[in-house]
Structure formats: structure tokens, C-alpha cells
Amino acid sequence: MLRIICGMETRVGRIIVLLFLLVVLGCVSGNDSGEYDNCNCDDEEGILSIQNILVGQKVSDFLISIAYFSIPIELLYFVSRSNVPFKLLFLQFIAFIVLCGLTHLLNTYSYHGPPSFQLVVCLTVAKFLTALVSCATALTLPPLIPLLLKVKIRELFLRQNVLELDQEVGMMKKQKETSLHVRMLTREIRKSLDKHTILYTTLVELSKALDLDNCAVWMPDEERREMHLTHELKANPSRDFRNYVPRNDSDVLDIKMNRGVRILRPESALGIASNGGHGGTGGAVAAVRMPMLRVSNFKGGTPEKVETCYALLVLVLPKSNFRVWTHQELEIVEVVADQVAVALSHAFILEESQRMRQKLAEQNRVLQQARKDAMMASQARKAFQKVMSHGMRRPMHSTLGLLSLLQGENMRPEQKIIGNSMLKVSRVLSNLINDVVGISENEKGSFSLDMKPFLLHSMLKEAACIAKCLCVYKGFGLEIDVQKSLPDQVVGDDERALQVILHMIGDLLNTYHQGNLKFRVFLESYGGDKDDKINEAWNMRNQNDYVHIKFDFQVISSSQSEELVPTINYASSGYHNNEQTEGMCFSLYRKLVEMMQGYIWISPNPQCLPQGMTLLLKFRKAPMLGKSIVAPRDYSNSQFRGLKVVLADDDCVNRIVTKKLLEKLGCQVTAVSSGFECLSAISASNNSFRIILLELHMHDMDGSDVAGRIRNFHKWPLIVALLSSAEEHEKQRCIQVGINGFVHKPVQLHDMADELRRVLQRAGA
């Protein structure tokens, strides 16, 4: 603007200087004309003679006058045709110019000779008027010059403002048009929440709005190693180029690392693939990134903490004309890409939420089914426990009680052997039943070993006695070889060791029709053993505190000419390897042996049938216990004679057997079948009963509830509970309600006597 004003001031100054020079020249020419006429100089010949000079002045004055007379005419026409300010100034200029022209015209007459009086008067008047008009114009012009400049500057300012307003209006129109396109595209994009519909709508609407030749969307694969062409506006089924681009491509990395729209090079692989494989012959290609946020991006904080996955939107201009991307089009593409990214993120999050909802519904269904199965399993377990308890455990307890009664009777030696064998086998079977019930009741599905000192030779005699009975029944011969240097007293679980030994004997006897069973027991040494890894497993720090005993069972033929004949079950099963020889029952016993820190294995014959079994057990050496472990018990102790006892048991057989055991000890027994009958009997006896024997689990009332009611009113009599091995966890609760002692099932005579004696001694009775 200042440059324009300075240029205007320069032009106005030049015009003023030109007018001043014209006036001065006019005045000078008028004054000089007379001087040359009165000059008395001699004429000189040539171009520069006085006469030629005068002729030149005359022609010049005439031309100047004509010019002066033409200028006012032009000014008058301009002033009359336009609304020009400062018309007085223009009239003064016109008068000044006319007078100057008149002066020059009069000077032309002064070159023909001496001027006449009339000519001098006219010339003088003209010059005087010219001087007056010149002075008036000179005095009028200085105050008007700033006004003229201000008018001109204001005009320039208005023109500049008009230009700026036109530009702003154009930008507003472009912005309005851009916003209309964006709103239209956004409205179309957000009509659906399906990602495929969103992308196809974006391609179609962008193509319509920007008149594109093609649009394409590139998405990363699952491993995020390549970008695949997933959506395209104009798909070319006969394309002969690849529809994937490596993720580490320079253009792909540049687009992902920068915001905004990027113009791709003509040789760009991404642009060529999006342009139908035409390369540089196609139109200009632009690309922009679109972040695809998922639910995982919002776990644990802001989305920047998780690597964002980007899709690429590639747009191709038509190739028929030399069209380039404009700033307005790039803005539309960038805004639309942001809107598409938001819509895609919503679609992905909705899709993942629906997938998670379906997954949760499936998990809920599975949990409900698992809960139903667990309830059914619990009910089945309870039913199994009930069947085992009522169908097997209680009858076995009764059998053991009856067999214990026979121990004190006068029987022949053969009868005692059979009775003791029956009692021992019954104990083994009872322990098995208790283990099964205990495992079913235990949530972990396991049981603990009962480690206690026992007489090893006594256990071996019982095992040999049972083996003898089984061999006689099966028609087998029996050879027993027990090393004499075996320790007499060891610490371990004798009952479960006997279970394993009886299982091994029974399994071998069931394999063949007849033969001889060889039973050997000896100490295991550490040199030249069958399997080196077994020796390594047994190699411990304090070997002096433990003994390792091997139980070896082999079935051999009765004579060298005969062969062992397997039973039908084993012959038809068709065993072909050692793993099939080890059945499910053997596997269970092997786990039991491993719990006892032992090892068991099978020695098969050429037909892969078990011909021998070996058991290796580790026992801790027991301290010398003297003869207290084998001291005979006095079952008919006079301490129990006349002792009044109340027996409460809802099982009829067990109640009768337990009553017989108590009577054999000399007690006076009152047997009842329920907890209410027990309370009634105690109330009616006036505290004459000294001991109450309670079954913990009765139908009408639990034994602990009966004990609690008794202790609420009486500190006497003493209460002893009948407790099975699977109910050890109930001891503490029984002690809290006031129970004084426990007799473990199966109830046997010596166990009953020992517990009653202990309870009476502690009570001081």
C-alpha cells in the first residue's frame, strides 16, 4: 500500500513540474520576441542565422499555443462527463492554460516587425492575466494536494479491501462446500456399524464427491507382516499384479509415521497396485492412514501404550486429464479418513464386544453345565458313599466284630489259624473300603499313610498264612523263603503293605491254572542289582536308619516237563507288551507303593504274561520296644464287670455285635436304636449309666447333637464315640461338644477294652 501511495505522489509531482515548465517557457517566449526584432546585429548566413532562429521561435510559439488550446478542451470534456471533485481547481488550470496559449499566439505576431501599440497592450494584458491565474492556482493547489492524496489512498484501500473480501468469500464458499461434502460423507458412513459396509460406502461416496478414478483400502494381515488389498471400488478380476505390499515398504512406513495425506510417487508399489497396475500412466495417487482401535488398545491406560494398527486409504485421480490434488480435496480426504477411522473403531469394538458376549455366554453355558455335572457328580458320590457305607463298610465292621469275638474262644489250632486268617483278610478288605470312601470324601482324592511301628515277622506270618489258604484253594504249591536276618521291628504302614502283598499273590494265582508259588523275602543289597536306576532311587544320606526289603513272588511249574497254562481270561486277552500286562489295578497299587517310597515291577514270561512280581519297600528301623508290643491283653478285665453302658446305634447288626463285645468284657449294656431313645434312657436312669457309646451318624439325630444335649445338663456319664477312619476330621468337633473318647471302626474286642480303660482312668473312676 505504501508503495502505491509513493508511486502516486511521484506521478503528481511530475505533472506539477511539467505544468510549471510550460508556464515558464510560455512567459520566456513572449518576452524574447521583441528583443530579437529590435536587435541591430548584422545578419549572418547559415542555419544559425537570426532570421532562421526567429522563424523557429515563431513556429514553436504557434505549436505551443495550439497545444495549450487543445488541453482545456479535453479537460472540459472530462469534467462535464464525470463527477470529479475539486472542479474549481480544474477551471483554474483551464484558464491558466488558455492564457498561456494566448500569450504564445500573440508572440507569433511580434516577429514580423516592430510591435504595434495594440499588440503590446494585448500581450501585456494576457501576460498579466496569466500571472494572476498562475498565482491563484499556485495558492489554491497546496491545500488541495493532501485531500487529493487522501482520496486516492482511500480508493486504493477500498480496492484492496474489496480484493481481500473477495478472497475471504471464496475461502468461505470453499469451506462451506468442503463441510457439506464432509457432512454428507459422514452421514453415509455412520448409517451402518458393519466394517465392510462402512468401507464400501466410503469408497463410493468419496469417488462421487471428488470424481476419483479408483479407491482402495489396505489392511494388515493377522501377523502384521504385509498390507493386503481388502476393498476396492473398481475391482479388476484380470489383474496381473500382486494385491499385497510388505509392511516395511518405504511408502507404507511414511504414511503410517505421519499424519495427513501423502502424495505417492508414480513408481510407488502401493500406488501401482491401487491404480490397477498402470504405474506412471495413471492419475495422481494420494494415501492417508486410518487407525483401527480395538478393545485391547484401551486395556491398562491410554491407547498409546499399545501399538496401534493402521489401515491405508488410497485414492487415484482420473488419468484422462492432467489433474492434481488441491488443498481443498486433501482436507476433505483427511477429515473423511478421521471419520472413517472413528466408525471403524466403533465397528471393531462392537464386533469384539459381541464376540466377547458370545464367548461369555458360551462360558456361562459351560459353567452351568459344569455346575450341573458337579452337582450330579456330588450326588453320585454321596450315593456311592451311602452304598459303600451301608452295603459294604457296615457289614464288614460287623464281620470283624464277630471274628474278634472268636479270638477268646477255645478253638483247635486249625480253627484258630483259619479264624486269624479270616480276621486279617477282613481287616485288609475293611481298610480298602475305608480308603475308597476316604478318597471319595476327600476333595483332593488322596489319603495319608498310617506310619507306626509293627512286627515285620508277624506280618510275614499272616501273609504266609493267607497265601497258604489261597494256594490250597487254587491247587498251587507254596514255597516260602524268609531271610532270618530281617529286623523284627520296623516303622511303616503294615496294613497297606499287606494289601499290596495279597494283591500280588492273588494276581499271580489268577493268571495260571496250577503250579508252585515261590515266596521270598530278603534284605536288598546295593551291588549288582537288576536295575541300576532303582539303586539310585534308594541311595539316601542316612542309610543306616532304613532297611530295604524285597518281596519276590514267582510262579514256577510243578515239574520240568510241564508248562504253565494260563487261565482263559489271560489267554484270550492277547497281551503283547509289558504295558498291557500292567493292568489298571496294578497301576493303582504301583501308585500306592510309590507313596510308601517303594517300587514294584512285573517279570513277564515269553508270552508277555506275568510270571513273577517283585516289591521293594523301605522301612525305618524302629527302636527296641521290648515286649510291650506283644503283651497279651486281658479281655475279661474285672474293671468292666457290672459297668452300665448305653449303646446307641441305628444299624441293627452292628448294634448286636457291639453289644456282644461289651458283654464279653462284662458290661451291662442297654442298646437303643436312635438318639431320642438314648436321651430318654439317660433321663429315666437317674444317672446310673457310667458310659454312653454313640454312633456319630444316625438318621434321626447326629451323635454330636446327642452329646451336646447331654452336656448341657449333665457332666456325667462319660461319652465314647464310634468313629470310622474316614471321619478323623470330626474329632475336634466331637471334643468341643464334650465327647471323652473314640473307638475306631471296625470295633474289635481289644480296641474296645483299651479305649474304655483309658477313658475310665482319665475320669478317675
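Visitor: Which residues make the nonpolar surface patch of about 570 Å²?

Guide: The model shown is a predicted one. Residues of a patch must each have over 30% relative accessible area and no salt bridge, and nonpolar side chains are joined within 5 Å. The residues that make this patch are Phe117, Val121, Val125, Phe128, Leu129 and Leu132.

Visitor: Is Phe128 buried or exposed?

Guide: Phe128 belongs to helix H4, which covers residues 117-189. A residue counts as exposed when its relative accessible area is over 50%. Because Phe128 has 51% relative accessibility, its class is exposed.

Visitor: What share of the residues in the chain is buried?

Guide: The chain contains 20 helices and 18 strands. Of the 765 residues in the chain, the buried share is 39%.

Visitor: Among contacts between residues at least 6 apart in sequence, how many join residues at least 24 apart?

Guide: A contact here requires heavy atoms within 4.5 Å. Among the contacts in the chain between residues at least 6 apart in sequence, the share joining residues at least 24 apart is 72%.

Visitor: Which strands are the edge strands of the open sheet of 6 strands?

Guide: The strand order in this open sheet is E3-E2-E1-E6-E5-E4, and the pairing is antiparallel. An edge strand pairs on one side only, and this applies to E3 (244-246) and E4 (262-263). The edge strands are therefore, with pairing defined by at least two bridges, strands E3 and E4.

Visitor: Which residue in E3 is the bridge partner of His228?

Guide: Strand E2, residues 226-232, pairs with E3 in the antiparallel sense over 3 bridges. In E3, the bridge partner of His228 is Tyr244.

Visitor: Which helix packs on the sheet, touching E2 and E3?

Guide: The helix in question also touches E4, strand E5 (285-292) and strand E6 (309-316). Its direction makes about 55 degrees with that of E5. The helix, formed by residues 250-257, is H6.

Visitor: Why are Glu351 and Arg355 separated by about one helical turn?

Guide: Glu351 and Arg355 form a salt bridge, with their closest N and O atoms 3.1 Å apart. Glu351 is partly exposed at 30% relative accessible area, and Arg355 is partly exposed at 44%. The separation is about one turn because the two residues lie 4 residues apart in helix H8.

Visitor: What distance separates the closest N and O atoms in the salt bridge of Arg365 with Glu362?

Guide: Arg365 and Glu362 both lie in helix H8, 3 residues apart, about one turn of the helix. Arg365 is partly exposed, at 47% relative accessible area, and Glu362 is partly exposed, at 38%. Their closest N and O atoms are separated by 2.5 Å.

Visitor: Is Arg757 buried or exposed?

Guide: The side chains of Arg757 and Asp754 meet in a salt bridge of 3.4 Å, N to O. Both residues lie in helix H20 (residues 749-763), and Asp754 is partly exposed at 30% relative accessible area. Because its relative accessibility is 18%, Arg757 counts as buried.

Visitor: Which residues are linked with Asp251 in a network of salt bridges?

Guide: The structure holds 11 salt bridges. The residues linked in a network with Asp251 are Arg265 and Glu267.

Terms used:
Residues numbered from 1 in each chain as written. Predicted model: local features only at pLDDT ≥ 70, side-chain atom pairs only at ≥ 80, totals over all residues. Heavy atoms only, no water. Patch = residues over 30% accessible without salt bridge, like charges linked within 9 Å, V, L, I, M, F, W, Y side chains within 5 Å. Areas by Shrake-Rupley, 256 points an atom, 1.4 Å probe, with all protein chains shown as cover. Salt bridge = Lys/Arg side-chain N within 4 Å of Asp/Glu carboxyl O. Buried < 20%, exposed > 50% of the residue type's maximum accessible area, 1.4 Å probe, protein only. Axes fitted to C-alpha atoms, helices over the stretch in contact; angles between N-to-C directions.
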